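The entries below follow the order in which I checked things.

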Amino acid sequence: MIIYYLTLFGKSNSLTELLAVYLLEDRMSDDITKFNVRGLGVDRLKTIYYVGLTESMTKAGDLLGICQSAVSRQVQSIEDELGVLLFRRGDRKVELTKAGLLLKNASQKVLYVMDAALKSIKEEREGLSGH
């Protein structure tokens, strides 16, 4: 559990400790093994995060380098798979629902941990190669 918090708050950057987040997280639900959302991977988590952050599918698309309609389709697909509305759509902006806020916050944490892991891998590789 301590490794989880150290990792999230940047107190540790060891690859081993980052990976331990997944092994030692005792709050993780047993239902996670049954969670079957098609391809809820990093790209889709980024989409949810950026739509929630910018409150705009167009702005999120600009940040992600994809068109607004692709963002909208991704969000709709995730909502359909989860069976819950993540955003309330307005004329000019979208607003997170309670479920959307939960997923946006979880996405942010996952993206942070992935970024830290990739940085650690790069640093370890460069250390081994002497660069």
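I started with the surface: the protein exposes about 8,900 Å², and carbon and sulfur atoms supply 56% of it. Accessible areas come from the Shrake-Rupley method with a 1.4 Å probe, and for residues only the protein chains shown count as cover. This is a predicted model, in which local features need pLDDT of at least 70 and side-chain atom pairs count only at pLDDT 80 or more, while totals for chains, interfaces and linings use all residues. Residues are numbered from 1 along each chain as its sequence is written, and side-chain values use heavy atoms, with hydrogens and water left out.

Burial and layout. I took buried as under 20% relative accessible area, exposed as over 50% and partly exposed as in between (1.4 Å probe, protein chains only). Of the 131 residues, 32% count as buried. I found 6 helices and 2 strands, in the order α-α-α-α-α-β-β-α from the N terminus. Helices (H or I, at least four residues) and strands (E, at least two) are DSSP runs, numbered from the N terminus. Contact means heavy atoms within 4.5 Å. Among contacts between residues at least 6 apart in sequence, 53% join residues at least 24 apart.

Helix H3. I checked its length against the expected span, which is 1.5 Å times one less than the number of residues. The 13 residues of H3 (residues 42-54) should span 18 Å, and the end C-alpha atoms are 18 Å apart, which agrees. Its buried residues include Leu 45, Ile 48 and Val 51. Their cover includes helix H4 (57-64), helix H5 (68-82), strands S1 (87-89) and S2 (94-96), and helix H6 (98-129).

Aromatic pair. I counted 1. Tyr 49 and Tyr 50 have ring centres 5.2 Å apart and planes at 70 degrees, so the pair is edge-to-face. The rule takes rings of Phe, Tyr and Trp (its six-membered ring) with centres within 6.5 Å; planes under 30 degrees apart count as stacked, over 60 as edge-to-face and the rest as tilted. Tyr 49 is buried at 14% relative accessibility, whereas Tyr 50 is partly exposed at 24%.

Salt bridges. I required a side-chain nitrogen of Lys or Arg within 4 Å of a carboxyl oxygen of Asp or Glu, and the count comes to 5. One of them joins Arg 44 and Glu 81 at 3.4 Å, N to O. Arg 44 lies in helix H3 and Glu 81 in helix H5, so the pair ties together parts 37 residues apart in sequence. Arg 44 is buried at 8% relative accessibility; Glu 81 is partly exposed at 29%.

Glu 55. What is the phi of Glu 55, which is not a glycine? I read a positive value of about 55 degrees. Most residues other than glycine have a negative phi. Glu 55 sits in the loop between H3 and H4 and is partly exposed at 32%. Its side chain forms a salt bridge with Lys 93, the closest N and O atoms being 3.5 Å apart. Lys 93 is in the loop between S1 and S2, 38 residues from Glu 55.

Helix H6. The 32 residues of H6 should span 46 Å, and the end C-alpha atoms are 47 Å apart, which agrees. Among its buried residues I noted Leu 103, Lys 104 and Leu 111.
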